[in-house]
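Hi,

Here is the structure I said I would pass on.

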Amino acid sequence: MYSVMLLKFFLTCNKIGAFTLGGGYAMIPIMEREYVDKNHWLDREEFMDIMVVAQTTPGIFSIDMASHIGYKLRGVWGGIVGALGIALPSIVAILLIAIFFHNFKDNVLVEKFFRGVRPAVVALIAAPCFKMARTAHITWSTCWIPLVSCLLIAAFSVSPIWIIIVAGLGGYLYGRVRDRKQQQQNK
Amino acid sequence: MLFLKLFYVFSKIGIFNFGGGYAMLSLIYSETVVKNHWLTNAEFTDIVAISQSTPGPIGINTATYVGYTSVVNAGYPVWAAVLGSVLASLSIMWLSFILMISISHYLLTHKDAPWVKNVFAALRPAIIGLIAAAALLLMNKENFGSPADSIPYFVLSIGLCVAVFVATLRFKVNPILALLVCGIVGLIVY
């Protein structure tokens with residue numbers, strides 16, 4: 001049982017690593033489908049929380065996600081299985097190209113394939129925003145947070161790191177003020 | 001000596017990488033081409049092109065390729081180059097892995113702490129804006145072509161994007177399948 005689950009986790013990570021086309025964000029729908037919907041290794045809220053952590057910390061997004069889930073499942077070894085599971089397909093693919101296919105990048109078919117894939121990648125990044133709005137319990141009083149964050153990054157080139165720091169601090173302070181008010185009312 | 005240096009340089013790249021794979025590329029460029037002369041400018045451009053058209057996180061792809069190429073360029077045999085590529089890939093991962101596991105441990109043991117709940121209640125809406133911004137910024141010429149070059153191909157790009165958006169969100173089509181179908185459409189049409 002123990003090893004069966006780790007093996008399944010490893011293979012799932014292989015699948016995600018092998019289909020990471022166009023950066024980690026495009027993999028969010030695939031990760032959500034595999035980790036949350038199919039295998040129930042974590043719920044949607046925890047998935048979002050880990051996305052925030054993976055985005056804030058240095059390192060590769062999909063590997064950070066896999067490390068956390070692996071750690072949750074089976075401790076440090078689980079985390080290692082997840083990280084290596086994501087990395088393995090790309091190491092193998094790149095080595096094959098480096099050793100055997102020096103002219104891979106000049107291949108017309110590869111270029112054509114990726115011309116079709118690139119617009120789809122953008123759609124896969126945009127789509128989860130709508131699904132996540134439900135998970136994050138966005139209401140009329142909080143919908144300005146994603147809108148302002150998006151505007152600051154896309155139009156004013158503010159670094160996402162600052163958005164996360166300010167939002168985290170804001171949440172912390174807001175929570176403290178709210179709790180203090182409640183305590184006063186209870187007295 | 002080269003191996004030690006690979007380990008050092010890629011550990012450094014791994015821990016100073018904030019903001020995704022593309023931000024990492026400029027760091028990799030300055031370390032491998034400018035400072036250490038492991039690669040020529042042309043080789044670096046090749047690596048970027050290959051990393052973008054192969055699956056896998058771009059950081060791992062470039063680390064593997066740089067590890068391999070730098071060892072071969074230094075005159076070592078292929079098996080040593082394979083070792084070099086694995087070493088570079090693991091080096092880029094290990095420091096951020098330790099950091100991530102530490103945070104995971106803390107979060108899993110403190111997930112009911114009030115301050116953790118408050119912080120994440122605000123972070124969840126923010127990350128939606130962050131990802132939406134990433135999608136907006138990618139709606140560019142590199143990904144969609146330009147109407148100035150070819151109107152039909154530009155329209156097709158937008159069509160593929162909208163189709164995948166609706167298919168995955170509304171009809172719960174497997175995203176992997178959607179990517180493959182779009183790739184095949186690209187093969188046939190372009």
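Predicted model: local features only at pLDDT ≥ 70, side-chain atom pairs only at ≥ 80, totals over all residues.

Residues count from 1 along each chain as written, chains are lettered from A and ligands numbered from 1 in written order, and side-chain values use heavy atoms, without hydrogens and water.

The interface: chain A puts in 93 residues and chain B 83 (contact is heavy atoms within 4.5 Å). Together they bury about 8,000 Å², 81% of it on carbon and sulfur atoms; that is the accessible area (1.4 Å probe) lost on being put together, summed over both parts. Two salt bridges cross between the chains (Lys or Arg side-chain nitrogen within 4 Å of an Asp or Glu carboxyl oxygen). Arg124(B) and Asp49(A) form a salt bridge at 2.6 Å, N to O.

On chain A's side, the elements giving two or more residues include α1 (2–18), α4 (61–100) and α5 (108–135); helices are DSSP runs of H or I, at least four residues, numbered from the N terminus. α5(A) has the largest share, 23 residues.

α5(A) also meets α2(A) inside the chain: Leu124(A), Pro128(A) and Lys131(A) touch Ile28(A), Pro29(A), Glu32(A) and Asp37(A). Their axes come within 8 Å and cross at roughly 50° (lines fitted to C-alpha atoms over the stretch in contact, angles from 0 to 180 degrees between N-to-C directions).

Cheers

Note on methods. Buried area = accessible area lost by both parts, 1.4 Å probe.
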